[in-house]
Amino acid sequence: MGTDIDGAIESRSADGRWQIEADLLDLRPPRDYDAWECLFGVRGTGDVERPLFAERGIPADLSEEVREAAVGAYQYSHTYATWAEVRAVDWDAPLAARPAWNRALRRGPEGDEIVRVTPRLREAAADTFGGDLLLAPAEWPPGSQVRLGDAVYRPVLLTARLLAPPNEGCWSQVWSAMRALAAEYGDEQVRLVVWFG
């Protein structure tokens, strides 16, 4: 059974009250476990040690409309981020101290892409580096690579830009909506609130 995301973008008016500005589902976020692990610490492969906005809970001053949708028997992993926090993200900073265990950078004829590590790639690493262990990229010697078919694989340090690109897809739309609202209300007065179910 899969996990789904829900949420809203809120703004705080001059009287200090938060109000809903946009339903996250209207922006059609896909079921993207890589992005969710990176941004909110939910699902993924466990390669992210430092998600950006994880485990913050429900804001105490949540708007009533959003509270009614967010609080229930099946909602969990509530968290939030203000536009000021999103704007301050270093999208190229590593999200872990070591290369990913379950992902590698694949350089092939069509270009570079981040791929999931397969048993076949682990076998190729064992053949390349010796031994009969199935080696994950985090265990490969520093600066090493593995050739498999017509592609070369390298360990990769994951970044937010790799897992949840800020200028592509759904999250680009979310950030654009928040940016526009922040121009009106201020960076600390606009926030994204999310939960999962």
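Predicted model: local features only at pLDDT ≥ 70, side-chain atom pairs only at ≥ 80, totals over all residues.

Mentor: Just after helix 4, residue G130 adopts a positive phi of about 90°. Helix 4 spans residues 119-129 and lies across strand 4, strand 6 and strand 7, with a direction at about 125° to strand 6. Within helix 4, the residues L121, A124, A125 and A126 are buried. These buried residues pack against strand 4, strand 6 and strand 7.

The sheet itself deserves attention next. Strands of a sheet are held in pairs by backbone hydrogen bonds, in either a parallel or an antiparallel sense. Here, four strands form an open sheet in the order 5-4-7-6, and their pairing is antiparallel. Strand 5 (111-116) and strand 6 (146-148) stand at the edges with a single partner strand each, so one side of each has no neighbour in the sheet. From one strand to the next, the twist averages 30°. Strand 4 (residues 103-108) and strand 7 (residues 151-154) pair in the antiparallel sense over three bridges. Residue R106 has Y153, in strand 7, as its bridge partner.

In the loop between strand 7 and helix 5 one finds T159. Its relative accessible area is 10%, below the 20% cut-off, and T159 is therefore counted as buried. Apart from its neighbours within four places in sequence, T159 is in contact with W91, D92, A93, P94 and L95.

Helix 1 (residues 33-40) is mostly covered, as six of its eight residues are buried. Those buried residues are A35, W36, E37, C38, L39 and F40. Strand 4 is included in what covers them, together with strand 1 (5-12), strand 3 (76-82), helix 5 (160-163), helix 6 (169-185) and strand 8 (190-196). At the start of helix 1, a side-chain oxygen of D32 comes to within 3.2 Å of the backbone nitrogen of D34. Helix 1 is followed by G41, which has a positive phi near 70°.

Technical notes: Residues numbered from 1 in each chain as written. Heavy atoms only, no water. Pairing = 2+ DSSP bridges. Helix = DSSP H or I, 4+ residues; strand = E, 2+ residues; numbered from the N terminus. Axes fitted to C-alpha atoms, helices over the stretch in contact; angles between N-to-C directions. Contact = heavy atoms within 4.5 Å. Buried < 20%, exposed > 50% of the residue type's maximum accessible area, 1.4 Å probe, protein only. Polar contact = N/O pair within 3.5 Å; in protein donor to acceptor, adjacent residues only side chain to side chain.
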